[in-house]
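User: Please take me through the fold of this chain, with the criteria behind each term spelled out.

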Amino acid sequence: MAAADGLCTELPMWVTNAWYVAAWSHEVEPGRLLARTVIDEPLVLYRTAAGEIVALEDRCCHRFAPLSMGRLEGDALRCMYHGLKFAPDGSCIEIPGQKLIPHSACVRRYPAQQRGSWLWVWMGDAAAADPAAIPSTVALDDAAYRLQAGAIDYAAHYLLIDDNLLDLSHLSFAHEKTLGLDMPQWADERPAMLPLERGLRVQRWLRNHPPRGFMKKLGERVDVWNSYDFLFPGIFLQRTDFHPAGTAERCGGGAPDTAPLFHRVDEQAVTPVGERTSRYFFAAGARAADIDPDRVGRLFAVTETAFHEDKALIEAQQRLIDLDPARRMLPTSLDAGPTRFRRLVDDLLAGEGGRRIPASAVGSS
Ligand code: FES
Ligand SMILES: [Fe+2]
């Protein structure tokens with residue numbers, strides 16, 4: 001149940017009725033099997049000859065060998081321990097040396113979709129899986145943008161990474177030499193927050209900022225409009241628009257009504273793997289008209305360096321939480337985003353009932 005401050009004292013382990021990002025689409029190559037774990041459930045991903053994504057439980061129903069150690073035979077997957085063969089719908093279609101195939105001979109198939117450049121899997125009731133609920137994202141090969149992509153494995157609970165993304169004040173400190181360079185405004189100005197279904201919209205102006213490097217061509221000072229939607233379980237869809245200084249004032253602190261000088265795109269997904277493991281997918285870049293391939297490479301390199309700064313801090317934070325799980329955190333005004341999102345997650349978890357974990361996994365205040 002949620003504590004009065006919104007940080008949880010006890011949580012079900014996982015929300016299952018949700019779309020989770022399991023992989024970049026290029027990670028599932030034709031004819032190959034990819035093993036991934038999402039919310040503690042082992043999956044094997046592959047493509048049919050028609051390119052459709054298949055996500056099956058990565059555990060043969062016979063003696064529990066991983067199907068990801070098997071082999072593809074056309075669109076079917078054969079377990080290479082004793083040879084049971086499965087159709088893309090998870091049903092067993094062959095048992096060596098046995099004619100009768102019982103109904104119970106099957107593995108679970110998870111609804112799976114490719115959208116943009118991510119492969120999404122639905123981990124709950126298949127009848128409730130609605131592909132229209134998957135948020136739209138920019139594909140890596142969209143000619144209107146130049147984006148680069150990566151992924152980082154974390155030894156930390158996914159909600160600690162969500163906390164980080166919901167409180168960008170940390171850019172001024174954790175990233176003082178990378179993303180937060182010369183921008184104390186990240187920490188000094190509180191953003192506006194709007195509720196979304198299963199998430200939050202976070203918006204702010206960073207006023208009178210002196211651009212650095214190749215961005216100097218934009219002018220001596222710019223106003224930066226930063227807006228992102230953050231959706232369960234950790235989908236971060238951010239646009240950062242650079243405008244002439246004075247735009248924030250002219251717009252009364254609201255959303256800009258003119259085209260930006262420079263339009264940056266950051267799209268990220270946090271996927272829980274297990275209770276202390278997560279995978280962080282990210283793409284960063286800009287409108288193609290604003291940046292050349294060399295500069296997008298440099299922009300991405302700085303961004304990736306910053307994400308390793310986050311990883312070092314968050315994994316160390318997780319170790320200290322685990323060292324003294326009863327120790328309570330100090331709430332501040334910086335925590336509004338994380339607190340609201342934890343409350344939302346708590347509601348989703350309560351809606352499904354089920355397993356609960358102690359708040360000690362992710363801290364409480
Ligand atoms: S464990 Fe798969 S066929 Fe025996
Ligand atoms: Fe960060």
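Analyst: Two strands pair if DSSP finds at least two bridges between them, where strands (E, at least two residues) are DSSP runs numbered from the N terminus. This is a predicted model, in which local features need pLDDT of at least 70, side-chain atom pairs count only at pLDDT 80 or more, and totals for chains, interfaces and linings use all residues. Residues are numbered from 1 along each chain as its sequence is written, while chains are lettered from A and ligands numbered from 1 in the order in which they are written.

User: Over how many bridges do strand 4 and strand 5 pair?
Analyst: Strand 4 covers residues 41-47 and strand 5 covers residues 53-57, and Val-44 stands opposite Leu-56 in strand 5. The two strands run in the antiparallel sense, and the number of bridges between them is 5.

User: Which strands stand at the edges of the open sheet?
Analyst: The sheet is formed by 4 strands in the order 3-4-5-10, with antiparallel pairing. Two of them have a single partner strand each, so one side of each is left without a neighbour in the sheet: strand 3 (34-38) and strand 10 (109-110).

User: Which residues does Ala-55 contact, leaving aside its neighbours within four places in sequence?
Analyst: Two residues are in contact if their C-beta atoms, placed from the backbone, lie within 7 Å. With those sequence neighbours left aside, the partners of Ala-55 are Ala-22, Leu-43, Leu-45, Arg-109, Tyr-110, Ala-112 and Val-121.

User: What radius of gyration does the chain have?
Analyst: The radius is taken over C-alpha atoms, and the globule rule is 2.2 Å times the number of residues to the power 0.38. For 365 residues a compact globule would have a value near 21 Å, which agrees with that of the chain, 22 Å.
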